[in-house]
Amino acid sequence: MVLLIGAALMLWQLGDTGLVDETPPLFAASARAMAETGDWLTPRVNGLPRYDKPPLIYWLMGLGYLMPGQASWDPLGTWAARLPSALSVLAVMTLLCVTLLRWPQRQLDRGGSSGQGTARALGRVLRSPVVTAPLAYALSPLVLLWGRLAVSDALFSGLVSATVLLAWRHLVGGGSVLPIWLLLGFAVLAKGPVALVLFALILSLFAWSQRQFRAYWGRLRPWPGLLITAIVALPWYALELAVEGKPYWDSFFGYHNLQRFTSVVNHHLQPWWFFGPVLVIASFPFTPLLLVGLHRALALKPWRRWRQSGLLDPVPLDRSLARLAAIWVLVILAFFTLAATKLPSYWLPATPAAALLIALALDPDRQDRARRPTLLATALLAALLAGIFWASPVWVPLIQATELPNLAPRLLASPILTTAAICFSLIAVLAAVLARRAPLDWQRGPDGGLVLLQLPMVAFALTAVQPGWVLGDQVRGLPVRQMAAEVRLRIRPGESLAMVGILKPSLHFYSRQVVLYEGIKPEGLVNLADRLSREQRRGQRPSSASSQPTVLVVIDRDTAGLPHWQQLAPEGLASAGPYRLWRLDRRKLEHRAAALLAAGVPVEWERPRPERY
């Protein structure tokens with residue numbers, strides 16, 4: 001059941017929509033370039049090296065692009081690019097399921113050996129955390145989104161989560177430590193040394209809370225383990241540093257690791273409390289269960305007792321999964337709150353732990369005073385969201401964006417919002433009903449309330465989220481793909497391609513051309529004229545206006561209406577959505593650039609930009 005629902009959530013229609021701008025096309029283009037060129041060392045996109053992430057995600061995507069006939073059965077190139085993320089989610093769901101099946105944290109086996117007893121035991125399992133924890137993970141709004149995106153976040157989250165869960169399983173049940181340290185090496189190859197930091201913090205604080213720091217780490221054998229991790233991860237880093245040198249060191253270690261933690265990069269400035277709302281949204285509408293589970297798993301002692309015997313009492317190791325999950329969540333919360341650069345995707349490594357806390361929050365093995373208020377709070381949250389969806393005719397028409405033409409009328413004409421409203425209304429009603437009735441007796445199995453609330457969430461994901469994804473692609477992504485098709489049809493030998501205003505890396509992916517990207521300001525025009533004459537990258541050579549008299553430009557209608565783009569007499573070749581395809585005379589472009597330069601507009605494209613593409 002778990003894998004069936006997981007496959008429906010993650011794999012259904014996985015390749016039916018195009019790449020979502022702006023980051024996924026950069027990953028996909030780099031992976032496809034590796035597969036086509038055979039250069040599996042340095043990721044490259046749009047003629048430039050891409051140093052922001054280690055290669056594991058590119059390697060896995062690239063294997064998809066190497067499959068026979070890939071271009072025919074995956075014409076949008078998204079199945080190959082998204083599959084590693086989707087499989088990462090399914091792997092974590094499976095690991096949560098088998099871990100709780102072996103160590104259920106509650107007694108499940110009170111049935112007999114007869115057929116009736118077996119059926120009753122199966123029913124208890126289906127209503128237990130064995131099922132509800134994997135579903136709580138997969139139904140997190142963050143997982144529903146990033147589990148179907150062609151980026152490295154789901155893969156990294158899955159690998160870090162697997163190392164933590166396998167370490168706990170080893171502490172409880174023994175066995176080899178080799179898989180733990182192998183997967184940690186792959187996690188370092190997925191996103192960098194942050195994997196080591198998170199793993200060490202989570203396991204160290206868990207061992208400290210159990211007053212078994214030396215014993216637990218001794219059983220995990222960290223020094224041989226770190227050697228295994230190094231053998232897996234270090235060869236690529238050493239080769240990349242030897243080949244690419246200082247630019248790679250400065251970009252990956254300096255900018256994408258150290259600088260992201262110590263200062264704000266790429267305008268991702270957020271307040272210190274940013275991950276508080278993210279914690280709420282990432283578990284919606286089951287956030288009250290998460291908070292109750294977090295409180296119970298920690299069970300902090302009063303100050304007077306803490307001074308005498310410590311903040312936390314140890315718990316039996318085979319029943320300590322909730323304790324581990326609580327510390328896991330708090331480590332992610334604290335670590336990324338301290339980071340200067342904050343993104344919602346940074347919360348992904350905490351989602352499996354949050355799912356465990358949600359599933360283990362209400363204990364049917366005892367009289368649970370928190371059960372009713374927690375379910376009522378869940379009902380209120382679901383009702384709030386249902387009300388927002390029911391009121392969609394009021395707020396949807398307010399959506400106005402150049403790159404989302406006709407979204408509002410198409411959204412209102414579809415059943416997506418009504419379906420979403422029905423699903424959350426059903427959750428609200430079920431949660432309110434469950435809050436009023438007495439919990440099931442433990443002899444009859446665990447309280448089945450949570451799985452009953454999760455099934456409408458599954459319906460919401462399949463009937464609202466995924467159709468909404470398709471609609472968004474038709475409105476936002478299809479026009480870019482149409483522009484790319486026009487470019488491939490009309491581009492002349494040696495002619496350059498540029499995109500100004502709204503910048504979409506998917507134009508590069510689908511056109512298979514080097515694209516010179518420039519922004520909306522007058523500097524963009526000046527930069528473009530200068531780059532055509534002087535910039536060189538793989539697939540792009542400098543040229544003069546006499547040797548290459550024209551340039552293709554994809555421009556959105558708002559940018560096209562700005563004064564500095566007027567009176568250039570472009571040849572209009574095609575249009576799609578908000579985008580126009582122009583062929584510009586380079587002499588006219590250079591004349592306008594010279595006028596802007598004389599007016600004080602600078603040429604700035606050569607200034608270092610770590611995230612250039």
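# Why is it called that?

Student: Why is R221 called partly exposed?

Tutor: Its relative accessibility is 49%. Buried means under 20% relative accessible area, exposed means over 50%, and partly exposed is in between (1.4 Å probe, protein chains only). So 49% puts R221 in the partly exposed class.

Student: What am I looking at here, and how are things counted?

Tutor: It's a predicted model, with residues numbered from 1 along each chain as its sequence is written. Local features need pLDDT of at least 70 and side-chain atom pairs count only at pLDDT 80 or more, while totals for chains, interfaces and linings use all residues; side-chain values use heavy atoms, with hydrogens and water left out.

Student: Where is R221, and what is the value of its phi?

Tutor: R221 is in the loop between α12 (213-220) and α13 (222-244). Its phi is near 50°, positive in a residue other than glycine. Those helix names come from DSSP runs, numbered from the N terminus: H or I with at least four residues for helices, E with at least two for strands.

Student: Why is A569 called exposed?

Tutor: A569 has 53% relative accessibility, so it counts as exposed. A569 also has a positive phi, about 50°, without being a glycine. You'll find A569 in the loop between α27 (557-560) and β6.

Student: What makes T351 buried?

Tutor: A relative accessibility of 4%, so T351 counts as buried. T351 belongs to helix α19 (residues 351-359).

Student: Which residues is T351 in contact with?

Tutor: Leaving aside neighbours within four places in sequence, T351 touches Y137, S140, V143 and S157. Contact here means heavy atoms within 4.5 Å.

Student: How do you know whether C97 and C423 are buried or exposed?

Tutor: C97 has a relative accessible area of 17%, so C97 is buried. C423 comes out at 8%, and therefore C423 is buried too.

Student: C423 is in α23. How do you know what span is expected for α23?

Tutor: The expected span is 1.5 Å times one less than the number of residues. Helix α23 (residues 416-436) has 21 residues and an expected 30 Å; from first C-alpha to last, α23 reaches 31 Å, close to that value.

Student: What makes α2 mostly covered?

Tutor: Eleven of its 14 residues are buried, including L26, F27, R32 and M34. They pack against β1 (44-45), α3 (56-65), α5 (78-102) and α25 (506-511). The span agrees as well: α2 (residues 24-37) should span 20 Å, and its end C-alpha atoms are 20 Å apart.

Student: What is the strand order in the open sheet?

Tutor: The five strands run β4-β3-β5-β7-β6, with mixed pairing. Two strands pair if DSSP finds at least two bridges between them.

Student: Why do β4 and β6 stand at the edges?

Tutor: Each has a single partner strand, so one side of β4 (515-518) and of β6 (571-576) is left without a neighbour in the sheet. On average, neighbouring strands of this sheet are turned by 25° against each other, direction ignored.

Student: How do you know that β6 and β7 pair?

Tutor: They share five bridges, in the antiparallel sense, against the at least two that DSSP must find. Opposite G572 stands W582 in β7.

Student: Which helix lies across β7?

Tutor: α24, which runs at about 30° to β7 and also lies across β3 (496-500), β5 (550-556) and β6. Helix α26 (residues 522-534) packs on the sheet too, with a direction about 155° from that of β4. Axes are lines fitted to C-alpha atoms, for helices over the stretch in contact, and angles run from 0 to 180 degrees between N-to-C directions.
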